[in-house]
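Please read the sequence and the structure below. The paragraphs that follow go through helix packing and then the nonpolar cores.

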Amino acid sequence: MSKYLIKSGRVIDPANNRDDVLDILIEDGIVTAVDKNITAVAEEIDAGGKVVAPGLVDMHVHLRDPGRTDEETIETGLRAAVKGGFTSIACMPNTDPVADSASVIEYIKRQAANVGFGNVYPIGAITHGLAGERLSEMGELIQAGVVGFSDDGKCVMNSQLMRRALEYAKMWDKPVISHAEECYLAHGGQIHEGYWSTVLGLKGIPAAAEEVIIARDILLAELTGGKLHIAHISTAGSVELVRRAKEKGINVTCEATPHHLTLTDENLKEYNTNFKVNPPLRTQADVDALHQGLKDGVIDAIASDHAPHARHEKEMEFDYAPFGMIGLETTLSVILTDLVEAGILSLGDAIAKMSIGPAKILGIKKGSIATGAVAEIILIDTKAILEVNALKFESKSINTPYARRQLKGVVTDVFSGGKHIIKDRVIIEGCDETPVVFDAYKSDR
């Protein structure tokens, strides 16, 4: 029988309104007590000076598996996730083949189970092959285990299809996740349309390309009563649209990414393709609006939009480099450094947006430290410094815009599925207490 006693940590568990110095007892993987001054014969973990939080939930991850295992595998994605404090992740369906059939969903679940730690929740495609022409077999995908639907990476331009998707998903109380991008307005765009696109001579993507679709999808959510979630919201106008929809009682939620919360289009002035992302980095006014949206509850979740790309693909002329950046191993530290330390968001609210917030949207029982539940817990040293060196990441890809930055806040220990899988920053393979050197050499990528 395994017993762990996490002693004297600051337990921040927004789902249960806890923010206090407490002990947590874990017996055979189950949280059996959360209280002050627990005594037990158990392996003791000193959490003094650390924050103890629920395992984080990232509702927007690209694992590239099946199809592009040179960029990421389910195993390396899970390793990156837990290293960054995410014990549960939802993976987007734009794989090859697309996750639009039960067989692909079952493959993802089987591969995740083989890893032995972390929780993977597949998102099914809204349309076959992400082609936007006919709906996927949504009932079959539900039976296979998807927790939501999205054509992320592409927008469902056909309004009638989007309406039907919301109606069908409503039958199972699942969210439809909108990649909001009017493709004709955005066509050929590389960065945000504005001052910097003019200076750099790059074709712009106007804010309206995002806002037009958000407005449409909100109207469709109102029409159908379906559960609409807006992915990677990036403009001030989008925040305002969601705010008004929520005030009207429409069933809509949204997420923001760490990069849209901390970077602007000015960061692109050196043509560094690691800053090229879709939707694009916007202006400081947009960033300020996102901050306000986080504070007043318009934005429900923070998600990484982890999008690995091979090094040779990113090292191309700006126009030809793919959109996307990785984020599983930096999201928490970026938020702690640039939002919490800066006084924009409280520590409790930051943890809520990365735990119970996304868990509620996906309808999964994660994101809290509940007595009687399987232990999904992380320990964070909020004073420790993470020097961002992607060559030391667990992810197979290195396309991060935060390279060489010093960020505050490091995950030291992780319990997932009741198992102690990270101990003092080291992943313990299969919990056999054997440290695994996984990031030994990446310079050939």
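At roughly what angle do the axes of helix H1 and H2 cross? The axes of H1 (residues 74-83) and H2 come within 9 Å and cross at roughly 60°. This is a predicted model, in which local features need pLDDT of at least 70 and side-chain atom pairs count only at pLDDT 80 or more, while totals for chains, interfaces and linings use all residues. Residues are numbered from 1 along each chain as its sequence is written, and side-chain values use heavy atoms, with hydrogens and water left out.

Helices (H or I, at least four residues) and strands (E, at least two) are DSSP runs numbered from the N terminus. Axes are lines fitted to C-alpha atoms, for helices over the stretch in contact, with angles from 0 to 180 degrees between N-to-C directions. H1 and H2 are therefore oblique to each other; angles under 35 degrees count as roughly parallel, over 145 as roughly antiparallel, 65 to 115 as roughly perpendicular and the rest as oblique. In H1, Ile74, Glu75 and Leu78 meet Tyr107, Ile108, Gln111, Ala112 and Val115 of H2, where contact means heavy atoms within 4.5 Å. The residues of this contact divide into 6 nonpolar, 1 polar and 1 charged (Ala, Val, Leu, Ile, Met, Phe, Trp, Tyr, Cys and Pro count as nonpolar, Asp, Glu, Lys and Arg as charged, and the others, Gly among them, as polar).

Helix H7 (residues 207-224) and helix H8 (residues 236-247) pack at an angle of about 10°, their axes 9 Å apart. H7 and H8 are therefore roughly parallel to each other. Residues of H7 that meet H8 include Ile214, Ala215 and Ile218, and those on the H8 side include Leu241 and Val242.

The largest nonpolar core has 80 residues, and Ile89 and Ile233 have the most contacts inside it. Such a core is a set of buried Ala, Val, Leu, Ile, Met, Phe, Trp, Tyr and Cys residues joined through side-chain atoms within 4.5 Å; buried means under 20% relative accessible area, exposed over 50%, partly exposed in between (1.4 Å probe, protein chains only). Helix H2 (residues 102-115) gives the most to this core, with 6 residues. Apart from this core lies another, of 19 residues, among them Leu202, Val277, Phe318 and Ile398.

Valine 120 is in strand S8 (residues 119-122) and counts as buried, at 14% relative accessibility. Not counting residues up to four places away in sequence, valine 120 touches Leu63, Leu78, Ile89, Cys91, Ile108 and Ala112.
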